[in-house]
Amino acid sequence: MSKLWIALSLLFLVFTGCKDTGINPYIPDVPVNIQINVSSLQYPELRQDGGYVYLEGGYKGILLVRQNANLYTAFERACPYDPTAPCSQVEVDQSNLFIVDTCCGSQFNFQGNVMAGPATYGLKQYQTTMSGSILYILN
């Protein structure tokens, strides 16, 4: 009976210990409940695919990217490599080809995935929902 218990314990450890959600557990969760009108004159950058704006909210701010007319992605600006570092805040690179944290040098694509480290986790993403021209950003 003890061999069976050991085998089951090892299986449990393998399945629970290898779970990788891709979400950095060290970025603090803060309430996010933002509404913006994407057609507003306040956000002309969001009228074209690939346009982006920086918003207040989240832990260190939010980067909102228009993927297409019906899809917007909202990312936490705290870099997942070291979210508590004072200089840690992602921004769109001057080339507009990727997102970078100039503090640690990590690079991410516009879907929030790591392109270059030292970060191993992708950007924390908030939920977005459209209703007409109103975009809701939530967690």
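Tutor: Two strands pair if DSSP finds at least two bridges between them, and the strands themselves are DSSP runs of E with at least two residues, while helices are runs of H or I with at least four, all numbered from the N terminus. Before we go on, this is a predicted model, in which local features need pLDDT of at least 70 and side-chain atom pairs count only at pLDDT 80 or more, while totals for chains, interfaces and linings use all residues. Residues are numbered from 1 along each chain as its sequence is written, and side-chain values use heavy atoms, leaving out hydrogens and water.

Student: Thanks! In what order do the six strands of the open sheet run?

Tutor: Strands of a sheet pair through backbone hydrogen bonds, either parallel or antiparallel. Here the order is S1-S10-S9-S4-S3-S2, with antiparallel pairing. S1 and S2 are the edge strands, each pairing on one side only. From one strand to the next the twist averages 25°, where axes are lines fitted to C-alpha atoms (for helices over the stretch in contact) and angles run from 0 to 180 degrees between N-to-C directions.

Student: How many bridges join S9 to S10?

Tutor: Five, and these two strands run antiparallel. Look also at Ser131, whose bridge partner in S10 is Ile134.

Student: Which residues have the most contacts inside the largest nonpolar core?

Tutor: In soluble globular proteins, nonpolar side chains tend to be buried together. A nonpolar core is a set of buried Ala, Val, Leu, Ile, Met, Phe, Trp, Tyr and Cys residues joined through side-chain atoms within 4.5 Å; buried means under 20% relative accessible area, exposed over 50%, and partly exposed in between (1.4 Å probe, protein chains only). The largest core here has 15 residues, and those with the most contacts inside it are Ile36, Leu46, Leu55, Ile62, Leu64, Leu135 and Ile137. Strands S1, S2, S3, S4 and S10 each give two or more residues to this core. Another core, of eleven residues, lies apart from it and includes Val65, Val92, Phe110 and Leu123.

Student: What is Ile36 in contact with, leaving aside its neighbours within four places in sequence?

Tutor: Counting heavy atoms within 4.5 Å as contact, Ile36 meets Tyr43, Leu46, Leu64, Ser133, Ile134 and Leu135.

Student: How many salt bridges are there?

Tutor: The rule asks for a side-chain nitrogen of Lys or Arg within 4 Å of a carboxyl oxygen of Asp or Glu, and the count comes to two. Lys124 and Asp29 meet at 2.5 Å, N to O, linking parts of the chain 95 residues apart. Lys124 is buried at 12% relative accessibility, whereas Asp29 is exposed at 67%. Asp49 and Arg66 meet at 2.9 Å, N to O; Asp49 lies in the loop between S1 and S2, and Arg66 in strand S3. Asp49 is partly exposed at 49%, and Arg66 is buried at 13%.

Student: Which cysteines form a disulfide?

Tutor: A disulfide is a covalent bond between the sulfur atoms of two cysteines. With the cut-off for the two sulfur atoms set within 2.5 Å, the structure holds one: Cys87 and Cys103, whose sulfur atoms are 1.8 Å apart. Cys87 lies in the loop between S4 and S5 and Cys103 in the loop between S6 and S7, so the pair ties together parts 16 residues apart in sequence.
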